[in-house]
Amino acid sequence: MVKYIKLLGVFIRASLLTELEYRANFIAQIFLGLLWAVVVWVSVLIFFAHTTTLGGWEYAQVLIVVGMFSLINGLIECMLAPNVKRLIEMVRLGTLDFVLLKPVSSQFMTTLRYTRFNGIGDFSAGVLTIIYAFGQMTYRPSLEAIVQFACVFLMACLTVYSIWVFIATASFWLVKVNNLTELFRSIYDTGRFPITTFQGGVRFFLTYVMPIAFITTFPAQAFLGKLDAATTLTSVAIAAITFIASNRFWNFAIRNYSSASS
Amino acid sequence: MSQIHVERLSKHYQVHEKEAGLGGSLRSFFARKYRTVKAVDEVSFDIQAGEMVGFLGPNGAGKTTTLKVLSGLLYPSGGNASVMGHVPHKRETAYLKQFTLVMGQKQQLMWDLPAIETFLVNQAIYEIPKGDYDATLKELDQLLDLGPLLKKQVRKLSLGERMKCELAAAMLHRPKVLFLDEPTIGLDVTMQVRIRDFIAAYNQRHGATIILTSHYMADVTALCERIIVIDKGKLFYDGNFRELIEKIAPYKILKLQLSTHAISEHFTEYGKVESCDGVTVVLHVPRERATDTAAHLLTQFKVNDVTFEDPPVEDIIRQVFEGNRK
């Protein structure tokens, strides 16, 4: 475990050095990220120009969901999206061989190897939004709420990671997975609104089939001290199940992989 | 027990065949015809610690496939292999830390960064202690003359410079077994010699076991006493390189420069006359009689110059393959 945390540090360092090789690109990416975050914020403002609550959530509370959305979106952009792109390339060129030769988990090596910094805009916009939202409220989270939030948030990250591992693994067969990542992103886009905004089948789908609710709404709810113990435990279960399943799927794919021609 | 043990190893692929054109593509979309390709077919051999063995064979003979099975990248379809007591395809950490695979046509160096950054990543991956890392890097620098190359972005290096860095990146963990697949491909002669010297030096210093494949016969001639020849997945020679040459080509090439004219009939009793233009005569003389023949010729004719040569290895290997195909 310590080895992997150290390795992640080494990977991020190398990635940062790579990004800094292309200065203009680096700055442009961060700027773009910030711009997108503003767009999300404005869309919420437009909603609240017409109403005072959204799915039972007040303006400031919704902002926490929005913050969670941007923050996790930033993490996806930084840590996950670039690796899926690389993996497709490695499968096509056969350089995945080098990964399989290394005495490290191949899933770790491929899914967290490259970090890009274009998500930093989204990420910091998310953090700022959450801080701003708490400024608009008189509510202050108790220690218990903070611990609960930390747990649910960690599970959310693990769940998102596992979903991306599924998408990445599909590239062994599909070679082009752009459509899959786009599909996930458009479903994830619903995560900027609290899950209670949605009704019936859609809500069920976004909670249990593609667990977007566990990624943005529930962590926000935990922060607000309004998440029950059962949902907290469910988030742990969902993270564990998706993680184990994605790892199995990855290993299955690797077993079937026969490297491209020499 | 030998360090590399391969017994009746097979690797078969299912490939689907497609006829040309749209019609063919459509047909193969709905009903694929599969064909089994025997990339490696019941190959057996043993290699002792510290040996340097050359893998020879034409393109598609199964050399790379064999190396990939030994590296654990491919599951064998049949038979078994063991390297340093490990079963390669299990890819145990203990095994992965002890060998390296260098593929001349693929690169692991990070393209946009100086090679030293890839080295640092590998140091972390292989958990190489700082002291060992520094010592190994110093030694590699000395053997390969890396010096300023390490600080230049990989994309700005020449092919030869990049290959030196690739080799170094693959050696940082001091592997005991080296699988080198075409390490000199595309390099000029000077650089080929450089890489060759490095391989020989590494083998001597660390007693590493090396399997080498190369299209350049000179690499194999210079480095390997023993060769394994495979073609179409089948092994058909495993043994001493010199012995093979003596078996396939039991003659030496004798070149004479005469100061007076002579005709080819004068030489038929000494061996096979390859060419004779009056002053230059090329003869194939049986190996064991080569020196006697030369001595005799010197007394019979006015000879300005005489040279002995071994037949070119390329020709010998070609003869081996042609013999095999018949």
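Reply: Happy to. A residue is called buried under 20% relative accessible area, exposed over 50%, and partly exposed in between, using a 1.4 Å probe and protein chains only. Helices (H or I, at least four residues) and strands (E, at least two) are DSSP runs, numbered from the N terminus. This is a predicted model, in which local features need pLDDT of at least 70 and side-chain atom pairs count only at pLDDT 80 or more, while totals for chains, interfaces and linings use all residues. Residues are numbered from 1 along each chain as its sequence is written, chains are lettered from A and ligands numbered from 1 in the order in which they are written, and side-chain values use heavy atoms, with hydrogens and water left out.

The part I have picked is helix α5 of chain B, residues 130-144. Its 15 residues reach 21 Å from the first C-alpha to the last, close to the 21 Å expected; that expected span is 1.5 Å times one less than the number of residues.

Now for its two faces. B:Tyr133, B:Thr136, B:Leu137, B:Glu139, B:Leu140, B:Leu143 and B:Leu144 are the buried residues of α5(B). They lie on the same side of the helix because they cover an arc of only 165° around the axis, the arc being that of the directions from the helix axis to the C-beta atoms. An α-helix has 3.6 residues a turn, so residues three or four places apart point the same way. On the face turned away from the buried side of α5(B) sit the exposed residues B:Lys130, B:Lys138 and B:Gln142. After the helix comes B:Asp145, with a positive phi near 60°.

What does the buried side of α5(B) pack against? The partners are α4 (115-125), α6 (159-171) and α7 (189-206), each in chain B; contact here means heavy atoms within 4.5 Å.

Since 8 of its 11 residues are buried, α4(B) is largely enclosed by the rest of the structure. Those buried in α4(B) include B:Glu117, B:Phe119, B:Val121 and B:Ile125. Their cover includes α5 and α6 of chain B, together with α1 and α5 (106-111) of chain A. Just after α4(B), B:Glu127 has a positive phi of about 50°.

That brings us to the neighbouring chain. B:Glu117 forms a salt bridge with A:Arg13, with the closest N and O atoms 2.8 Å apart; a salt bridge is a side-chain nitrogen of Lys or Arg within 4 Å of a carboxyl oxygen of Asp or Glu. Between chain A and chain B the count is 5 salt bridges. On the side of chain A that touches chain B, α1(A) gives the largest share, 9 residues. In total, 30 residues of chain A are in contact with 31 of chain B. The two chains bury about 2700 Å² between them, 62% of it on carbon and sulfur atoms, where buried area is the accessible area (1.4 Å probe) that two parts lose on being put together, summed over both.
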